[in-house]
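Reader: Hey, I'm new to this one. Can you walk me through a few parts of it?

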Amino acid sequence: MTAADTGRTGAPGPHQEEARQEAHKEEVGFLKELTGLLLRTSGEGAEQIETSVRSAARGLGATADLVVVPDGATVTVGSHGRTTTVAVRGFPEVFRMDQVVALKPLLGRVAAGSVGAAAAGRELAAITSARPPYAWWLRLIGITLFAVGFAPLMQPTWYEVWTSAVLGAITATLAVAAERAPRLATVLPVVAATVVSLVTLEVFARTPAHGGPVLLMLPALFFFVPGDYLSAATAELAAGFLTTGAIRLVYAVFLLVQLYLGVMLGLVITGRSRHALFDVAADGDLPRWALFLAWIVFTAGTVLAFAVPLRLLWPLLLLVYATVGVQSGVTKLIGEVGGTFVAAVALGLATTWLAARPDRPPRIVLLLPGFFTLTVGSLGMRGLTALAGGYPVRGFQDLTKMVTIVTAIAAGLLLGAVLARREDVASGPDAASGPAPDHGPGLVADHGPGPVADHCPGPGAGDGPAP
């Protein structure tokens, strides 16, 4: 028996070294898979990914350094005297909120050091491989309800509602089909916009009495409008993540252009003049009770379309009505931009505070339906189509308004989150008994489908002893 085997020199024996290597490998594997899942659900941007991964690494007794861009990250993990760098790829997609909800308590336990890397890796694998909570036909219904609930925000007319039901069902069918046909998923925004444009121009927008064609199309296309991307990009730029924010902003604009292209293709196929894309709303005929109930339909559609656990329907509905109430009330006092900003502050504060406890849903889940009510992405779509339709003044007005509203939403959500966190910090040392940090993933819900994420070590990945 050698001195190394007995440990008298202080050097680890071969069995100890093998155990340390295995532990390091398990920690790297877990943090790599965790980063991939967070990239696919990165609506609030790079900062939340870094925070979550580093917190998990500390809980495992390791360190983690990340360089994050919207479609990937490099993760350097140090533990047990070794350092490994891996590259992870994963693009934000129309993700499942049930996975985000299940991930938060796991991250909390890992950060607290109460679960090891091997067990955490098994739990994470179970989360990512779990079947969707709702059948495909329920998701189809959800996307349709999502469109119908949004319709009164475009035009408060019964014609808009039932037109959106038909067009929304078409969009939902394409979205569900794209889950089983990856080739369709890559061009889904263009295909959906083309089909919706074609049907709208040929069937529903034959006369101007029912409002502009774009107003009839938008509720069905709202599922693909990247309003969340635009706001997340603005927030990242404000937080100093310039590369990530700029890339995300470019991709958001690209999604808008795809939808615009689809609308224009429908115009070409039908042979209609570009002036057919006028943007004038019809006189409203919806009663107040219908406008009130529309948000229930919208929230139920959000729950089904994005796989939110059903038990969260009522809390989400309360947040939606609170956001709409604040926005409507403040808008009457100081205008739309001010109303949107104050509503975003209230939403950001409420969701950050509610998500602070480990047993509460993640902030993104609480934030998502209320965020959609601020409807920023539709302005970009309307602006582009108005320009194409030969209405430059209205088009530039919509695009300018979109930039202003995007900034107001992003700044409001950031301010609300800061105010909520300040309250936790101000509570002093005794705050240990109060809310714990939210280790759940941040907001990233892209309505537009991204490529299927994969995780692979990049060409520069290394695995060797730490210096």
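This is a predicted model: local features need pLDDT of at least 70, side-chain atom pairs count only at pLDDT 80 or more; totals for chains, interfaces and linings use all residues.

Reader: Okay, strands then. How do E1 and E2 pair?

Author: Strand E1 (residues 63–69) and E2 pair in the antiparallel sense, over seven bridges. They make a hairpin with two residues between them, and Asp 65 sits opposite Thr 76 in E2.

Reader: And how many bridges join E2 to E3?

Author: Eight bridges, again antiparallel, with E3 covering residues 82–89. Ala 73 has Val 88 in E3 as its bridge partner. E2 and E3 also form a hairpin with two residues between them, and His 80 in that turn has a positive phi of about 55 degrees.

Reader: How many of E2's residues are buried?

Author: Six of its eight, so strand E2 (residues 72–79) is mostly covered.

Reader: New topic: is Thr 35 buried or exposed?

Author: Buried, with a relative accessible area of 0%. Thr 35 lies in helix H2 (residues 14–40). Leaving aside neighbours within four places in sequence, Thr 35 is in contact with Val 53, Leu 66, Ala 73, Val 75 and Val 88.

Reader: What about H3 and H4, at what angle do they pack?

Author: About 45 degrees, with their axes 7 Å apart. That makes H3 oblique to H4.

Reader: Which residues meet there?

Author: Ser 52, Ser 55, Ala 56 and Gly 59 in H3 meet Leu 107, Val 110 and Ala 111 in H4. By class, that contact has four nonpolar, three polar and no charged residues.

Reader: Last one: how many residues of H16 are buried?

Author: Ten of ten in helix H16 (residues 363–372), including Arg 363 and Phe 372.

Definitions and conventions. Residues are numbered from 1 along each chain as its sequence is written. Side-chain values use heavy atoms; hydrogens and water are left out. Axes are lines fitted to C-alpha atoms, for helices over the stretch in contact, and angles run from 0 to 180 degrees between N-to-C directions. Helices (H or I, at least four residues) and strands (E, at least two) are DSSP runs, numbered from the N terminus. Angles under 35 degrees count as roughly parallel, over 145 as roughly antiparallel, 65 to 115 as roughly perpendicular and the rest as oblique. Contact means heavy atoms within 4.5 Å. Ala, Val, Leu, Ile, Met, Phe, Trp, Tyr, Cys and Pro count as nonpolar, Asp, Glu, Lys and Arg as charged, and the others, Gly among them, as polar. Buried means under 20% relative accessible area, exposed over 50%, partly exposed in between (1.4 Å probe, protein chains only). Two strands pair if DSSP finds at least two bridges between them.
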